[in-house]
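This briefing covers the ligand site and the aromatic ring pairs of one model.

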Amino acid sequence: MAKFFGNLHLVLIAGLVLAIIVMVAFAASAPVDANALFRWLHVFFGILWIGLLYYLNFVQVPTMPSIPAEQKGAITGHIAPKVFFFFRWGALLTLLTGLGISIIDGYGHAALTFTGDGNVNLIGVGMWMAIIMAFNVWFIIWPAQKKILGIVEATAEEKAKAAPRALFASRTNLLLSIPMIYCMVSANLG
Ligand code: HEM
């Protein structure tokens, strides 16, 4: 048992196998089509991404100032690079699977141009919010964090400039996540 739960990859594979069993068992009433698979993956990657956004905003950022200087390296050198790996790829995969759902269902263009019915436009608002958030991750937060964490060379002045930029974008994403999730779960476009 300890061996099983001590092995991250094995636990992930077991989760996948259990998901497939559930899919097969309910396939008659809930067909396992492209839409269902994209939705499932979309929510998985969405949780991965937004879970880490909330970890950063609720746990790491507020705690950093009270961590003794000689211990900060454990966060910046070991924890944060791993966080930002899953954070940025989670954001990209959430974006791609979300766009995928809208294309499979045939309302992607109408949603993004707000030319559909009420619920299509509602998901359009959520999609735009999440697209802005994904943009912030890849083009503001990650480039700034690369300097802050020393993954790329940066002068002390560049690092000092990068910190408020990263915080501004991260807090913008926290703010947008609240209405964005409402749009995601309320459009009910099936
Ligand atoms: C990054 C860009 C994103 C795009 C383009 C996008 C797009 C979509 C689309 C088109 C749907 C289907 C709506 C429907 O048929 O009712 C959807 C559903 C959903 N999205 Fe997103 N989304 C994005 C980000 C996110 C994020 C960050 C989350 C965070 C958890 C999220 C969570 C969800 C949830 C929970 C659903 C409902 C699934 C369901 O009820 O079947 N999405 N999204």
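A backbone N or O atom of Leu-189 lies 2.7 Å from an oxygen atom of the ligand, a polar contact (a pair of N or O atoms within 3.5 Å). The model is predicted: local features need pLDDT of at least 70, side-chain atom pairs count only at pLDDT 80 or more, and totals for chains, interfaces and linings use all residues. Residues are numbered from 1 along each chain as its sequence is written, and side-chain values use heavy atoms, leaving out hydrogens and water.

**Ligand contacts**
- A polar backbone atom of Asn-188 is 3.2 Å from an oxygen atom of the ligand.
- The side chain of Tyr-107 has an N or O atom 3.2 Å from a ligand oxygen.

**Ligand shell**
- The ligand is surrounded by 23 residues, each with a heavy atom within 4 Å of it.
- Arg-39, His-42, Met-184, Asn-188 and Leu-189 are the closest.
- At least two shell residues come from each of α3 (34-63), α4 (69-104), α6 (118-148) and α7 (156-186); helices are DSSP runs (H or I, at least four residues) numbered from the N terminus.

**Aromatic pairs**
- The whole structure has 8 aromatic pairs, with ring centres within 6.5 Å.
- Phe-4 and Phe-5 pair edge-to-face, at 4.8 Å centre to centre and 75 degrees between the planes; edge-to-face means over 60 degrees.
- The ring centres of Trp-89 and Trp-138 are 5.0 Å apart with planes at 75 degrees, so this pair is edge-to-face.
- Because Trp-89 lies in helix α4 and Trp-138 in helix α6, the pair ties together parts 49 residues apart in sequence.
- Phe-84, Phe-87 and Trp-142 are linked into a cluster by ring pairs.

Definitions and conventions:
Polar contact = N/O pair within 3.5 Å; in protein donor to acceptor, adjacent residues only side chain to side chain. Phe/Tyr/Trp six-rings, centres within 6.5 Å; stacked < 30°, edge-to-face > 60°.
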